[in-house]
Amino acid sequence: MTRCRRSVVGAALSATLLVACGSGGANAPAENVRPPAPGTPGRPADVQGIYRSVHQSLLQLRGDGTVVLIAPHGGGPSGGRYTLRNGRLELQTDDCGEDVGSYDVLVTGEQEAGKAVLQLTAVADSCADRRRDLTRDPWVYANS
């Protein structure tokens, strides 16, 4: 009888742990994912996150004004700083020295990971590699 009781208690405990641990499973949205809203973004917090392109490039815009750009078929990885005010992105990246590039930013699509799209249009940037890497393809908001 005691052995049976231990088995039942053990099974109940295991089931409870599985339910508790599984509550944040594959269907739960990631808490750090905040896709941008469609329109013209006004500040860094409006677009912060990780974006990917069809050419397997990655663009990470952080809320603190830092940027990481990895373009495997372009200029390679680079970091730097950016500002964003009323749809105008200005950034400086390591691969381009002190040159600052200016871009118009527009968010299209739905406010959902995999559907929100960041469109960058060069206004002025003397760094040809960075301009190509940023404007070659639309940037799709990733959920990680």
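In what sense do strand β7 (residues 117–124) and strand β8 (residues 139–141) pair, and over how many bridges?

Analyst: β7 and β8 pair in the antiparallel sense, over two bridges. Within this pairing, L118 has W139 in β8 as its bridge partner. The model is a predicted one, in which local features need pLDDT of at least 70 and side-chain atom pairs count only at pLDDT 80 or more, while totals for chains, interfaces and linings use all residues. Residues are numbered from 1 along each chain as its sequence is written, and side-chain values use heavy atoms, with hydrogens and water left out. Strands here are DSSP runs of E with at least two residues, numbered from the N terminus, and two of them pair if DSSP finds at least two bridges between them.

β7 also pairs with β6 (residues 100–108), again in the antiparallel sense, over seven bridges. β6 in turn pairs with β5 (residues 88–93) in the antiparallel sense, over five bridges, and L91 has G101 in β6 as its bridge partner. β5 and β6 form a hairpin with six residues between them, and G97 in the turn has a positive phi of about 65°. Beyond that, six bridges join β5 to β4, and these two run antiparallel. G80 is partnered by T93 in β5. The hairpin of β4 and β5 has two residues between the strands, with N86 in the turn at a positive phi of about 50°.

D104 also takes part in a side-chain contact. It forms a salt bridge (a side-chain nitrogen of Lys or Arg within 4 Å of a carboxyl oxygen of Asp or Glu) with R88, the closest N and O atoms being 2.8 Å apart. D104 lies in β6 and R88 in β5, so the pair ties together parts that are 16 residues apart in sequence. D104 counts as partly exposed at 33% relative accessibility, and R88 is likewise partly exposed at 33%. These words rest on relative accessible area with a 1.4 Å probe and protein chains only: buried is under 20%, exposed over 50%, and partly exposed in between. The count of salt bridges comes to seven.

Together with L59, they have the most contacts inside the largest nonpolar core, which has 19 residues. Such a core is a set of buried Ala, Val, Leu, Ile, Met, Phe, Trp, Tyr and Cys residues joined through side-chain atoms within 4.5 Å. β7 and β8 are among the strands that each supply at least two residues of this core, as are β2 (58–61), β3 (66–71), β4 (76–85), β5 and β6. Three residues, the largest share, come from β6.

L118 and L120 also line the largest cavity, alongside V47, L61, L84, L89 and V105. A cavity is a set of points on a 1 Å grid over the protein atoms alone where a 1.4 Å probe fits but cannot get out, and lining residues have an atom within 4 Å of a point. The volume of the largest cavity is about 30 Å³, taken as the space filled by probe spheres set on points joined across faces, edges and corners. The count comes to one cavity of 30 Å³ or more.

Key: On a 1 Å grid over the protein atoms alone, a cavity is a set of points where a 1.4 Å probe fits but cannot get out, and a pocket is an open set with protein on both sides within 12 Å along at least five of seven lines; lining residues have an atom within 4 Å of a point. Helices (H or I, at least four residues) and strands (E, at least two) are DSSP runs, numbered from the N terminus.
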